[in-house]
Amino acid sequence: MLKNSSISHTIVRATQFHHFIDHLFLSKSFLKRYIVPDKFKCQSVDAGEFAEHLIGLVDKEPQGRAEDFGGPDVMTLREMAELKIKLNNEPNKVLSLSLTGKLYKSFCDGKNTNPA
């Protein structure tokens, strides 16, 4: 509705925030395992960095649909879990599960990431 209105605006989207990924998939291990969807891609971004980006847009003219803001790396949840284990020196392991369905395939194909 906003895009079709006469109201000046800027819409900017961000990829997933680090804390969202951590809370949803990596906050608790089960039987010393992080259980994550296999090949599920994410491009997490720091919420503070995105906030700074938004603040930078405030002084500019309304842009309508601005370029998406994404994190620096596209990684699978498995890679993220393995990195967390390494950085925190955890005894946990990663168990990957393959799922089915269009939504799962979209995440595996990186539809939620920003190639730019």
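Which residues have the most contacts inside the largest nonpolar core? They are F25, L26, V36, F40, C42, L77 and M80, in a core of 15 residues. Keep in mind that this is a predicted model, where local features need pLDDT of at least 70, side-chain atom pairs count only at pLDDT 80 or more, and totals for chains, interfaces and linings use all residues. Residues are numbered from 1 along each chain as its sequence is written, and side-chain values use heavy atoms, with hydrogens and water left out.

**The cores**

- A nonpolar core here is a set of buried Ala, Val, Leu, Ile, Met, Phe, Trp, Tyr and Cys residues joined through side-chain atoms within 4.5 Å.
- Buried means under 20% relative accessible area, exposed means over 50%, and partly exposed is in between (1.4 Å probe, protein chains only).
- Helices (H or I, at least four residues) and strands (E, at least two) are DSSP runs, numbered from the N terminus.
- L26 touches I21, Y34, V36, M80, A81 and K84, leaving aside residues up to four places away in sequence; a contact means heavy atoms within 4.5 Å.
- There's also a second, separate core of six residues, and V12, L57, A66 and F69 are among them.

**Aromatic rings**

- Rings of Phe, Tyr and Trp (its six-membered ring) pair if their centres lie within 6.5 Å; planes under 30 degrees apart count as stacked, over 60 as edge-to-face and the rest as tilted.
- That rule gives five aromatic pairs.
- One of them is the tilted pair of F25 and F40, at 5.6 Å centre to centre with 55° between the planes.
- F25 sits in helix 1 and F40 in the loop between strand 2 and strand 3 (41-42), so this pair links distant parts of the chain, 15 residues apart.
- F40 also forms a tilted pair with Y104, at 6.4 Å centre to centre and 40° between the planes.
- Because Y104 belongs to helix 4 and F40 to that loop, the pair ties together parts that are 64 residues apart in sequence.
- F40 counts as buried at 10% relative accessibility, and Y104 is buried at 12%.
- Ring pairs link F25, F40, Y104 and F107 into a cluster.

**Salt bridges**

- Side chains of opposite charge can pair when their charged atoms come close.
- A salt bridge is a side-chain nitrogen of Lys or Arg within 4 Å of a carboxyl oxygen of Asp or Glu, and the count comes to five.
- K84 and D22 make one of these, with the closest N and O atoms 2.9 Å apart.
- K84 lies in helix 3 and D22 in helix 1, so their bridge ties together parts 62 residues apart in sequence.
- K84 counts as buried at 16% relative accessibility, while D22 is partly exposed at 31%.
- D68 bridges to R13, with the closest N and O atoms 3.4 Å apart, and to R65 at 2.8 Å, N to O.

**On the surface**

- F30, L31, I35, L95, L97 and L99 form a nonpolar patch with about 580 Å² of accessible area together. Patch residues have over 30% relative accessible area and no salt bridge, with like charges joined within 9 Å and nonpolar side chains (Val, Leu, Ile, Met, Phe, Trp, Tyr) within 5 Å; areas are Shrake-Rupley, 1.4 Å probe, only the protein chains shown counting as cover for residues.
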